Amino acid sequence: MIIDLKENERLDELQRNGYRIIQNTEKFCFGMDAVLLSGFARARKGELVLDLGTGTGIIPILMAAKTEAAHLTGLEIQEESADMARRSVYLNGLEDRIDIVTGDIREADQYFRPASFDVVTCNPPYMIGQHGLQNPDAPKAIARHEIMCTLQDVVSKAAKLLKSGGHFFMVHRPFRLAEIMVQMTAHGLEPKRMQLVYPFVDKEPNMVLIEGARGGRSRMTVEKPLIVYRAPGEYMPEIYDIYGY
């Protein structure tokens with residue numbers, strides 16, 4: 001299928017089912033965190049999935065390749081990113097399985113019925129305050145900083161939109177882990193599974209993958225650490241598996 005690319009856009013191979021994704025090199029491109037989340041998240045056959053802050057649609061597209069979810073929806077506030085996501089969905093022939101909705105996470109319960117999803121995923125903005133913030137209106141700033149939504153916004157809306165027993169999957173930064181746990185339990189998303197991601201075996205973790213269950217019992221599994229690099233530029237075998245190489 002042929003699709004026209006706009007200025008500064010490129011097509012990237014996703015190594016899954018021959019899928020490709022449109023990205024703009026001048027805007028925010030997806031990173032390893034989104035790919036790792038797509039490997040950590042689980043969706044069973046027939047389930048409905050919502051990705052909050054989907055960007056260019058990377059998580060729904062990868063989960064469409066990796067799972068038997070019946071339908072996936074991506075919610076994205078930046079129209080330019082949402083447009084790229086829609087064109088990527090069309091490019092991959094996934095119109096019947098993926099919808100992209102332009103909208104604000106803070107108003108997510110106005111677009112979707114409460115308790116209407118089995119799975120909610122999110123790769124939210126990590127940074128708070130003014131740390132490293134240059135242009136608060138730039139797409140990269142909106143993707144990285146809590147400008148358009150906060151951690152509480154993400155967790156509270158996920159809780160409202162999940163069915164009882166539904167599952168929430170998120171990737172974030174370890175330095176906010178205590179806050180993440182507080183917000184999840186406060187909104188009825190019981191932390192059930194966690195995995196820390198380390199760039200190298202001798203470095204501190206720089207990502208955390210976490211799963212919560214809507215109305216779940218208090219019991220959490222901590223999975224073995226995920227190490228990204230064996231040596232500079234050389235992934236560990238688990239990372240190659242997640243990427244599909």
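## Packing of H6 and H7

Helix H6 (residues 151-161) and H7 have axes that come within 9 Å and cross at roughly 35 degrees. Axes here are lines fitted to C-alpha atoms, for helices over the stretch in contact, and angles run from 0 to 180 degrees between N-to-C directions. The crossing of H6 and H7 is right-handed; a crossing has this hand if the near helix is turned clockwise from the far one by less than a right angle, and is left-handed if anticlockwise. On the H6 side, Leu 151, Gln 152 and Val 155 meet Glu 179, Ile 180, Gln 183 and Met 184 of H7. Sorted by class, this contact of H6 with H7 has 4 nonpolar, 2 polar and 1 charged residues. Ala, Val, Leu, Ile, Met, Phe, Trp, Tyr, Cys and Pro count as nonpolar, Asp, Glu, Lys and Arg as charged, and the others, Gly among them, as polar.

Gln 183 lies in helix H7 (residues 177-186). Gln 183 counts as buried because its relative accessible area is 14%, where buried means under 20%, exposed over 50% and partly exposed in between (1.4 Å probe, protein chains only). With neighbours within four places in sequence left aside, Gln 183 is in contact with Leu 151, Gln 152 and Val 155; contact means heavy atoms within 4.5 Å.

## Model and overall make-up

The model is predicted: local features need pLDDT of at least 70, side-chain atom pairs count only at pLDDT 80 or more, and totals for chains, interfaces and linings use all residues. Residues are numbered from 1 along each chain as its sequence is written, and side-chain values use heavy atoms, with hydrogens and water left out.

The protein has 8 helices and 13 strands. Helices (H or I, at least four residues) and strands (E, at least two) are DSSP runs, numbered from the N terminus. Of the 245 residues, 50% count as buried. Among contacts with a separation of 6 or more, 69% are between residues 24 or more positions apart.

## Packing of H1 and H2

Helix H1 (residues 32-40) packs against H2 at an angle of about 35 degrees, with the axes 9 Å apart. The crossing of H1 and H2 is right-handed. Ala 34, Val 35, Leu 37, Ser 38 and Gly 39 of H1 meet Ile 58, Ile 59, Leu 62, Met 63 and Lys 66 of H2. By class, the contact of H1 with H2 has 7 nonpolar, 2 polar and 1 charged residues.

## Nonpolar cores

A nonpolar core is a set of buried Ala, Val, Leu, Ile, Met, Phe, Trp, Tyr and Cys residues joined through side-chain atoms within 4.5 Å. The largest has 42 residues, of which Met 32, Leu 36, Ile 98 and Ile 239 touch the most other members. Helix H2 (residues 58-66) supplies the largest share of this core, 7 residues.

Not counting residues up to four places away in sequence, Ile 239 touches Met 32, Leu 36, Leu 226, Ile 227 and Val 228. Another core, of 26 residues, lies apart from the largest one and includes Leu 50, Leu 52, Leu 75 and Ala 108.

## Strand pairing

Two strands pair if DSSP finds at least two bridges between them. Strand S1 (residues 9-13) and strand S2 (residues 20-24) run antiparallel and are joined by 5 bridges. Leu 11 has Ile 22 as its bridge partner in S2. S1 and S2 form a hairpin with 6 residues between them, and Gln 15 in the turn has a positive phi of about 60 degrees.

Strand S6 (residues 117-122) runs parallel to strand S7 (residues 162-172), with 5 bridges joining them. Val 120 stands opposite Phe 168 in S7. S7 is also joined by 6 bridges to strand S9 (residues 207-214), and these two run antiparallel. The bridge partner of Val 171 in S9 is Leu 209.
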